[in-house]
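Have the sequence and the 3D view ready as you read.

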Amino acid sequence: MQGKGLPALRSLFFLVIFPNNDITVGDKDFSQYPGQADCTSCCAWPQKRRIEQAVMDTPKPSTTTVSLTVDTDALAKFTTLLQGGFFLEVPQKTRIGDLLVSLPGFSQEYINERVQTIFLGGLPADDVDQQLFGLDAVLAISAAMPGLAGAIFRKNGIHASLRTTAEKVPLKSAQADVPIKIRLKLFNMIAVEKGEEILANGCMISASSLKNFLSYRHTLSSHIRERKIDGQNQTLHELFSLLEKKNIINLTVKGSHDN
Amino acid sequence: MPEKIFRVNMTDLSTSIEAVPDNWSGLGGRGLTSTIVAAEVPPTCHPLGPNNKLIFAPGLLSGTAAANSGRISCGAKSPLTGTIKEANAGGTSAQIMAKMGCKALIIEGQPQGDSWYSLRLTPEGASIEKEEKLIGKGNFAVVEAIGQRLSESVGLMSIGQAGEMQMAAANISVKDPDGHLRSCGRGGLGAVMGSKKIKFISLDAAGGKVEIADMEKFRAANKTFAKALVDHPVSQALGTYGTNVLVNIINEAGGLPTRNFSKGQFDGHEQISGETMHDLIVERGGKPKHNCHKGCVINCSQIYNDSAGNFKTSGFEYESIWAMGADCAVDNLDKIAEMDHILDDIGMDSIETAVTFGVAMEGGMLKFGDSDEMIRILKDEVAQGTPLGRIIGSGAGNVGKIYGVTRVPVVKNQAIPAYDPRAIKGIGITYATSTQGADHTMGYTIATEILSVGGKADPLSKEGQVELSRNLQIATAAIDSTGMCLFIAFAALDNATCLPALIDMINARFGINLTGADVTNLGMNILKTEHNFNLAAGFTNKDDRLPEFFALEPIPPHNAVWDFSGEEIDTFWNF
């Protein structure tokens, strides 16, 4: 998958979606990002060029950045935050596989082998070549799941015929040049294996997700060594006050040994 | 040592040891318990009367080194459903029972008077002793007392107060290697044990061992089998999160029954998810991986501690967490764990009881989300046997009638578990046609191809869906008969070496030559045996139906309804 379009693909990860439909882009360069597996057989996902173009054309309004420095050995605990999803934005007709492979640490091999359960808009998706379109969508990915239900929802599983065939609600149409807004949820092993990289590089999440997470996992606050809001040190109380007011934040979580 | 049948007659308080009839010799687990119930229990008998029998049987490979072979199977006519019933659990009892050479324990009759008893099983047979001190006690107190009275190493199966009071939701608890509890949970079998006036059964193998006909072949097959289990990605997920890993997935699919099956998604799902549970367990010094019996290589159980780091519950399953969580709109894992602990102690099925609470909430007995009131009712009403407690202990179907609720999620009077059949129709077929009332484990994921029971109809047609569900139930019945944990199914599905290795182990254990076809036929026979018992008990095809509300009430977010006709469901039994 390594190619000339990849740096911008990685930047895609920093697209932000605001409730008012403003869009911004993170300012980090992922061209040297490690962990992206080389792949010479990914020609089935040609969307990356189009994604690159969309990213390059996207404006960069300011957004609130929250940077947390936590005990390194507690980093994994923060990846559970991603079960609530983070936000990104892609061009119309982007394939699911193109979107996923653009994420830090994801490779086509990982997607094929590890990502065994995919939901798009609450419906199981078997094909990573399936295109995304409309105004917004919720995408959720998981490792292989147990039970008959797990098998029924499994990507290309032999028990897929036991699914309920739900009538697809017509998606709100969007112009071809209007990006689709994606809320991407990472479940179970996927969050564990890739979450730290995603959090370390920053992601857009809803402020209420972080607030709720730190509330029902209140002991995690004791692992936070440093809280910066737009580069300024803040108290936990100030952080919560901010989260009350904001809709979307750019969150970065790093280990204290990483500094 | 040759295997024997231990028989206990509670009417005259006698015991005997019998040779294993030839037609039972190739059976174990559910295959054996259902065969014995069908052969010896009058189908129309009262489940709590003297003519019902309570059967315990280890699996075919229990007591050996075979991975995941330590499930104890329990069968009887169910006081909850009126059908034949089998429930199984981990713990140490299956292995001890097998090592003492007991192929099955049959408890029959009913004592006169108010005296209570216990049973003691050793290689010499069963003995009956009067019991006074532990009557009225919860299961945890029984485990502790028997550990002191006999030995920490003895196996133990017991009932709590719910079983003593013969509540339809009562279960039978089985001590696990750490002295915690596993449950033969569904169908009210604890009430049957209570009707026999047996508080507990202790088991001591006294150094006995299971004989293996061909040890070399057995070891080789077990190595292959265990590797297939360990390597499977589902096993990895189970070992990390337990079955509760399903909360987020089923919620995302819109199939997580919420607020008494009125919605398919729960706003508080992140607070009760397997991911959150895993983190809390690690943070509090519990164990995210734990085996319910020696030899398990999947370790889907866990030790969940409270916020102070003290043990609260183990074997904290998705279905229990869903039932006490989403179905009752409770989004606090610690409250759910507290309820799970109480239910273990009282000895009640966590699915039936929690679904009952959901129906009661619908009926206005208490508010959705009121976990404190749920805990109070369990402690002060159910455990004490007050009228309200007995109503809750009678199950969801009864509470629905008492409160005039029409949305009552039961099939054959047993509560539907954690997968909404409108959102996941394949499971709905299993709920409708299961011989034992709504039960998600009756049609589990088994290697349909390897067993050559794959369907012939278009899998996307309703005919094809019914056919696949049938084949899953046939295969599940076969695996249940081996006494293996159902979670071997995932590896058996995906790894071509897994199921053949299991058959090789059975052949090596007994010196026989079973084939995959034999296993399939075994599954068919078990299903037919159970179905015929139910027909003789008065059930008809009209009982193989989901409650009407599933067809009338679309479930958000996908707004699907259950749309299988009775005629389509009835084709299930065309084999």
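By class, four nonpolar, seven polar and five charged residues make up the lining of the second largest pocket. Here Ala, Val, Leu, Ile, Met, Phe, Trp, Tyr, Cys and Pro count as nonpolar, Asp, Glu, Lys and Arg as charged, and the others, Gly among them, as polar. The model is a predicted one, in which local features need pLDDT of at least 70 and side-chain atom pairs count only at pLDDT 80 or more, while totals for chains, interfaces and linings use all residues. Residues are numbered from 1 along each chain as its sequence is written, chains are lettered from A and ligands numbered from 1 in the order in which they are written, and side-chain values use heavy atoms, leaving out hydrogens and water.

The second largest pocket holds about 340 Å³ of space. Closest to its centre, among 16 lining residues, are R183(A), F266(B), D267(B), H269(B) and E270(B). Which element gives the most to this lining? It is α8(A), with five residues. (Helices, H or I with at least four residues, and strands, E with at least two, are DSSP runs numbered from the N terminus.)

What separates a pocket from a cavity? On a 1 Å grid over the protein atoms alone, a cavity is a set of points where a 1.4 Å probe fits but cannot get out, whereas a pocket is an open set with protein on both sides within 12 Å along at least five of seven lines; lining residues have an atom within 4 Å of a point. Grid points are joined across faces, edges and corners, and a volume is the space filled by probe spheres set on the points.

By this rule there are five cavities of 30 Å³ or more. The table shows two of them.

| Cavity | Volume | Lining classes |
|---|---|---|
| Largest cavity | about 870 Å³ | 15 nonpolar, 18 polar, 11 charged |
| Second largest cavity | about 80 Å³ | eight nonpolar, four polar, one charged |

Around the largest cavity there are 44 lining residues, with R71(B), N88(B), S183(B), G185(B) and E317(B) nearest its centre. β5(B) provides the largest share of that lining, four residues.

β5(B) also belongs to an open sheet of six strands with mixed pairing, in the order β2-β1-β6-β3-β4-β5 (chain B). Its edge strands, β2 (14-19) and β5 of chain B, each pair on one side only. Two strands pair if DSSP finds at least two bridges between them. β1 (residues 4-9) and β2 of chain B pair in the antiparallel sense over six bridges, and K4(B) stands opposite A19(B) in β2(B).
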